[in-house]
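Reader: I'd like to go through some contacts and charges in this one. Can you put the structure up?

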Amino acid sequence: MVGRLAAVAATLCLASATVVALPASSSAVTGQGGETVAEGGHTVRISRTEYGVPHILAQDFDGLGYGYGYAFAQDNVCELADHVVTLRGERSRFFGPDGESGQGELDGTNLASDTYYSGQRRAGTVRRLLAQKAPLGPTAELRRMVEGYAAGYNRYLRDTGVDHLPDPTCKGKPWVRPITALDLWNVVYDVNRVTSTVPLVPDIGDAKPPTTSAASSTGTASRVPTATPTVPGFGSNGWALGRDATRTGNAMVLANPHLPWAVGYFRLYQVQLTIPGTLDVSGAGLYGTPLVEIGHNSTLAWTHTASDAQHDSVYALKLAPGDPTSYVVDGRTVPMERRTVPVTVRDANGGLSTVRRTLYSSRFGPVLSSGWTATTAYALRDANADNLRSMNTWLAMAKAHDLGQLRAAQDTFQGIPWTYTLAADTSGSTYFTESSAVPHLTDDQLKRCTLPNDEGPTALDGSTSACAWGSDPDALVPGVYGPSHQPRLSRTDYVANSNNGPQYVNPEAPVTGLPGVYDTEPRLDERAQLGLDMIAQRRDGTDGLGAPGFTESTLRASMFGNRVLSAETGRDDVVALCRAHPSLPATDGKQVDVSQACAALARWDTRADATSRGTALWITFVGRLFDQGPPDTWRRVPYDPAQPLTTPRGFNGDDVRVQHALADAVQDFAARDLPVDVALGAVQKWDGIPLPGCDVGCFDVVEASPDAGTGTPTAGAFGSSFLMTVELTPDGPRAHTLLTYGESANPASPHFSDQTRLFSRKQWVTERFTQAQIAGDPALEVTTLRR
């Protein structure tokens with residue numbers, strides 16, 4: 001192996017490249033909890049190809065992590081430093097207690113966030129999970145990789161110096177400090193619960209029992225959530241195309257995750273990780289995680305989409321009379337567990353003090369602040385509460401050679417937290433599975449145990465053990481469904497998902513008979529319908545892209561076709577309406593001249609390209625319409641369960657709500673001094689770069705403002721993030737990628753928005769996977785780290 005590594009290194013040195021050799025560094029870092037990360041060992045090579053994509057080459061997992069941590073710190077040191085402050089429960093110490101924590105679907109303060117995370121650290125939750133042997137705890141390879149990642153990050157920080165960091169966001173800031181392996185495992189643990197516990201961190205951190213004056217026996221102590229927690233807008237498109245759907249007979253995969261662009265918690269980082277003879281995987285992973293989570297190796301490719309399944313349950317606690325901190329189960333009174341934690345707080349003058357806060361929990365999980373009255377409280381049970389197995393799963397998937405080994409990896413470690421998996425291999429086969437952690441609740445339990453939600457969340461009855469989660473014999477942990485009950489489908493044509501339930505991943509082979517927790521919304525939304533229609537049209541050659549069947553080129557073209565299904569099925573309805581009624585009533589009762597808007601919509605190409613004129617008006621119109629009531633009531637053709645792929649569709653022009661929505665949209669454009677035919681890219685930008693895409697029936701989802709990507713903090717955007725098309729040929733993978741916001745969150749970096757410009761022009765980056773391809777890149781820059 002050493003000989004092969006030396007040969008590869010020699011090849012790289014011969015390339016036309018900038019080569020930087022950094023000297024050995026031998027030291028150790030002691031973390032907040034006393035854990036130590038040692039540094040010292042071998043040589044690691046970071047080869048950056050065009051657009052700054054790092055390819056890490058090492059001899060072992062320690063070195064691979066070391067190179068990855070160093071490369072990531074070069075691009076995003078501030079993002080991880082800020083995240084670690086959060087997970088250590090120190091935001092109030094550095095930013096004050098009243099600042100917004102930037103987490104959760106509920107408004108939350110730094111103090112609430114710190115209370116929760118300080119409690120987690122004091123409870124030793126992650127330490128307890130780390131103490132377990134694999135498969136429950138991390139494998140030895142992963143432990144070494146995470147330790148190396150921390151050491152590599154710290155090496156960059158030490159070599160550069162906090163006062164000389166290139167990102168002004170954290171340059172010279174006292175909260176930028178060395179990290180430890182435990183910090184990174186806390187990142188992993190939070191990633192696993194990002195669609196369940198994490199959105200409610202502020203609610204958990206602020207939970208306290210009602211006082212007599214705050215709540216009567218029937219009154220509420222605070223605002224009550226109306227649904228189980230979710231991450232707003234979380235989504236993705238994923239396709240795995242088999243030999244029967246492609247012109248070459250080679251399998252292909254499309255990855256198109258939709259995530260926030262300006263929140264480091266959800267940003268993806270592109271990387272290739274190579275240990276000759278052991279691992280060679282390319283793709284992207286969430287910030288601060290040590291692996292590729294969406295990607296491919298030489299014979300296998302996979303992607304993920306956010307699962308429609310439940311990954312948690314809210315339980316309603318029946319409180320003991322006169323004691324709002326005790327609850328009743330099966331007639332027995334159970335006291336809530338209390339954990340008091342100190343939180344260091346900075347005042348307006350910079351002084352530090354300590355406040356003590358109390359967290360409350362039940363047998364189900366943490367108690368929420370919202371809805372806590374004298375008679376009822378709500379607690380959250382998270383199916384990923386004991387999951388530190390995700391990285392085991394992704395490493396095993398990265399090392400898998402075919403779909404059988406991928407399936408074995410998921411069955412062995414059972415660590416996929418909240419996503420579907422779509423994959424293909426060089427045999428030309430495809431595979432779909434929902435292998436995430438899903439509560440073991442039967443349909444009978446859901447029917448018997450779900451309580452009315454007039455004032456509270458959709459909650460299960462916590463007063464009886466009959467409503468508790470069950471278990472499967474083949475599940476690694478109690479309370480969840482095991483592999484034998486998980487939805488799966490293998491095909492040689494295709495599997496596809498756009499966050500719809502498992503039923504229609506391939507309409508020719510519906511996946512049915514699932515427990516309700518797996519398919520909470522079986523209806524297809526327009527994006528899912530559009531994706532299936534795009535596949536159908538490409539297979540029969542009616543999409544204008546040439547002969548039937550996919551090639552990697554037509555796969556990319558399909559992705560960037562920027563079709564808008566809501567417009568394809570409803571634009572003509574709206575034009576007919578406004579031609580018949582050039583003046584329409586707005587919601588405020590005023591008559592609005594819509595004739596110019598009507599003409600603009602009639603000229604519109606019904607696409608969401610950055611240059612399209614009419615898309616922006618359509619987005620506003622449809623958004624206003626959805627604000628006015630359930631869509632089936634104003635559709636021209638309502639939903640028909642017998643026609644799930646094509647209904648509902650169109651707009652009923654006789655419905656006053658449709659008329660109001662169009663008039664309101666025109667009023668809105670006038671108020672903003674925008675022409676009704678303004679180009680989409682003029683009102684939707686990142687760092688000043690026009691963006692395509694929409695979220696009103698678009699496949700390519702993008703939501704942004706004209707100033708997204710600018711300011712301090714950066715204004716947000718959402719949608720397509722890491723794009724990947726890969727064809728698995730007998731000669732190796734052929735892939736194209738696009739990281740829509742670039743490799744760096746640092747506005748001063750050349751890689752902050754360089755790929756955004758490509759995205760705006762529908763261009764891709766040709767992936768360099770082999771060592772020869774990497775060495776041949778004219779933009780190659782090589783950094784050698786001697787540990």
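Reader: Which residues does T756 touch, not counting those up to four places away in sequence?
Author: This is a predicted model. In it, T756 touches W261, W686, I689, L691, T740 and Y741.

Reader: Where is the place of T756? And is T756 buried or exposed?
Author: T756 is in helix α19, residues 754-760. T756 counts as buried because its relative accessibility is 0%.

Reader: Moving to charges. How many salt bridges does the count come to?
Author: The count comes to 32 salt bridges. D411 forms one of them with R488, where the closest N and O atoms are 2.4 Å apart. That pair links distant parts of the chain, with D411 in helix α10 and R488 in strand β21 (residues 488-491), 77 residues apart.

Reader: What about D411 and R407, how far apart are the closest N and O atoms there?
Author: They are 4.0 Å apart, and the two residues form a salt bridge. Both D411 and R407 lie in helix α10 (residues 403-413), 4 residues apart, about one turn of the helix.

Reader: Why does R488 count as buried? And D411, what does that count as?
Author: R488 counts as buried because its relative accessibility is 18%, and the cut-off for buried is under 20%. D411 has 24% and therefore counts as partly exposed.

Reader: Next, D493 and R539. What do their side chains meet in?
Author: A salt bridge, at 3.9 Å from N to O. D493 is in the loop between β21 and β22 (494-497) and R539 is in helix α12 (residues 526-540), so the pair ties together parts 46 residues apart in sequence. Salt bridges with shared partners join R491, D493, E508 and R539 into one network.

Reader: Which residues gather in a patch of negative charge on the surface?
Author: E521, D525, D695 and E703. E703 lies in strand β27, residues 702-704, and E703 counts as partly exposed because its relative accessibility is 39%.

Reader: Different topic. Where is H660 found, and in which helix?
Author: H660 is found in helix α17, residues 656-671. Leaving aside neighbours within four places in sequence, H660 is in contact with P585, A586, T587 and Q628. H660 and D588 are 72 residues apart in sequence and 8.8 Å apart in space, C-alpha to C-alpha.

Reader: Last one. Where is P135 found, and what does P135 touch?
Author: P135 is in the loop between α5 (125-130) and α6 (140-160). Not counting residues up to four places away in sequence, P135 touches R389, N392, T412, F413 and L476.

Note on methods:
Residues are numbered from 1 along each chain as its sequence is written. This is a predicted model: local features need pLDDT of at least 70, side-chain atom pairs count only at pLDDT 80 or more; totals for chains, interfaces and linings use all residues. Side-chain values use heavy atoms; hydrogens and water are left out. Patches are made of residues with over 30% relative accessible area and no salt bridge: like charges are joined within 9 Å, nonpolar side chains (Val, Leu, Ile, Met, Phe, Trp, Tyr) within 5 Å. Accessible areas come from the Shrake-Rupley method with a 1.4 Å probe; for residues, only the protein chains shown count as cover. Lys and Arg count as positive and Asp and Glu as negative; His and the chain ends are not counted. The place of a charge is taken as NZ of Lys, CZ of Arg, CG of Asp or CD of Glu. Helices (H or I, at least four residues) and strands (E, at least two) are DSSP runs, numbered from the N terminus. Buried means under 20% relative accessible area, exposed over 50%, partly exposed in between (1.4 Å probe, protein chains only). Contact means heavy atoms within 4.5 Å.
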